[in-house]
Amino acid sequence: MKPTAPRRAQSARTQFQLLRTACRLFSERGFHGTGIRDIAEAAGVAVSGMYYYASSKDELLEAVTRRVMDVLATSSAETLRDIDDPAGRLAALIAVHVAFHARNPRAAQVADHEFQALTGQAREEVQRMRDAYEQVWAETLRAGVRAGVFEDRGSVARLALIQMATGVAHWYRPNGELDIPQLCERFADMGLALMGANHDGHLLRVRDLALPAPELLLERVELSIEPRDEEPAS
């Protein structure tokens, strides 16, 4: 007998709840400090029934990390689609990365740090996703150097820019000095300055570039499994 629509909907809700709960616990306790029973109990799911949705906590970690990388890659590609100049593309990449990490700090921390607990094929596939994402940054910087828009800072520039933007997940608070759009602009300006971005000798800033509306970026980086204070995971 095939599952009825209500049963399929309930199954999808339970799977979603498990992913959101796993994301919260992995971010708070670390992967190794979180047991499969901890996740089941916090999500209100029987341990025996949990294996219907995930064979192990490793599978949940892989699922969380894949969702993070999918949203980062997709939101970046959508934002870059109509931007040709290297300075605009770099500013857009920084804005997307900062917006994602500010809006989804728990999931971002899991994907940035706990993914290293993955092994075998899962680890290899996630690493390929990360490499492909970073390659977009590398190609953007190389294009800017070739066009004379950026200074050649070598590969260390890519690492510095990504790490600078990634750190937002650890300290940003919505009730702080800057809202997310302001934060994105501030970081994009710093990234352009780091690369010596210029047009005919004029140093470029975000205000000189045509970038998507901040509201659109926030919509693109929204991650449904991110535990929100206003939407408890358990």
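**Exercise 1.** In this predicted model, find out at what angle helix α7 (residues 120-146) and helix α8 (residues 155-166) pack, and how to describe that arrangement.

*Solution.* Start with the numbers: α7 and α8 pack at an angle of about 125 degrees, and their axes are 10 Å apart. Now pick the right word. Roughly perpendicular covers 65 to 115 degrees and roughly antiparallel needs over 145, with oblique for the rest, so α7 is oblique to α8. As for handedness, the crossing of these two helices is right-handed.

Next, who does the touching? On the α7 side you'll find Glu134, Trp137, Ala138 and Leu141, and on the α8 side Ala157, Arg158, Leu161 and Ile162. Sort the residues of this contact by type and you get six nonpolar, two charged and no polar.

**Exercise 2.** Work out which residues touch the most other members of the largest nonpolar core, then look at the neighbours of leucine 90.

*Solution.* The core holds 74 residues, and Leu60 and Leu90 touch the most other members. Helix α5 (residues 86-103) supplies the largest share of the core, with 12 residues. Now zoom in on leucine 90: leaving out residues up to four places away in sequence, it touches Trp137, Thr140, Leu141, Phe150, Leu161, Gly191, Leu192 and Met195.

**Exercise 3.** Locate aspartate 200, then decide: is it buried or exposed?

*Solution.* First, the place: aspartate 200 sits in the loop between β1 (198-199) and β2 (202-203). Second, the surface: its relative accessibility is 73%, and exposed means over 50%, so aspartate 200 counts as exposed. Last, the backbone: aspartate 200 isn't a glycine, yet its phi is positive, about 55 degrees. Most residues other than glycine have a negative phi.

Definitions and conventions:
Residues are numbered from 1 along each chain as its sequence is written. This is a predicted model: local features need pLDDT of at least 70, side-chain atom pairs count only at pLDDT 80 or more; totals for chains, interfaces and linings use all residues. Side-chain values use heavy atoms; hydrogens and water are left out. A nonpolar core is a set of buried Ala, Val, Leu, Ile, Met, Phe, Trp, Tyr and Cys residues joined through side-chain atoms within 4.5 Å. Buried means under 20% relative accessible area, exposed over 50%, partly exposed in between (1.4 Å probe, protein chains only). Helices (H or I, at least four residues) and strands (E, at least two) are DSSP runs, numbered from the N terminus. Contact means heavy atoms within 4.5 Å. Axes are lines fitted to C-alpha atoms, for helices over the stretch in contact, and angles run from 0 to 180 degrees between N-to-C directions. Angles under 35 degrees count as roughly parallel, over 145 as roughly antiparallel, 65 to 115 as roughly perpendicular and the rest as oblique. A crossing is left-handed if the near helix is turned anticlockwise from the far one by less than a right angle, and right-handed if clockwise. Ala, Val, Leu, Ile, Met, Phe, Trp, Tyr, Cys and Pro count as nonpolar, Asp, Glu, Lys and Arg as charged, and the others, Gly among them, as polar.
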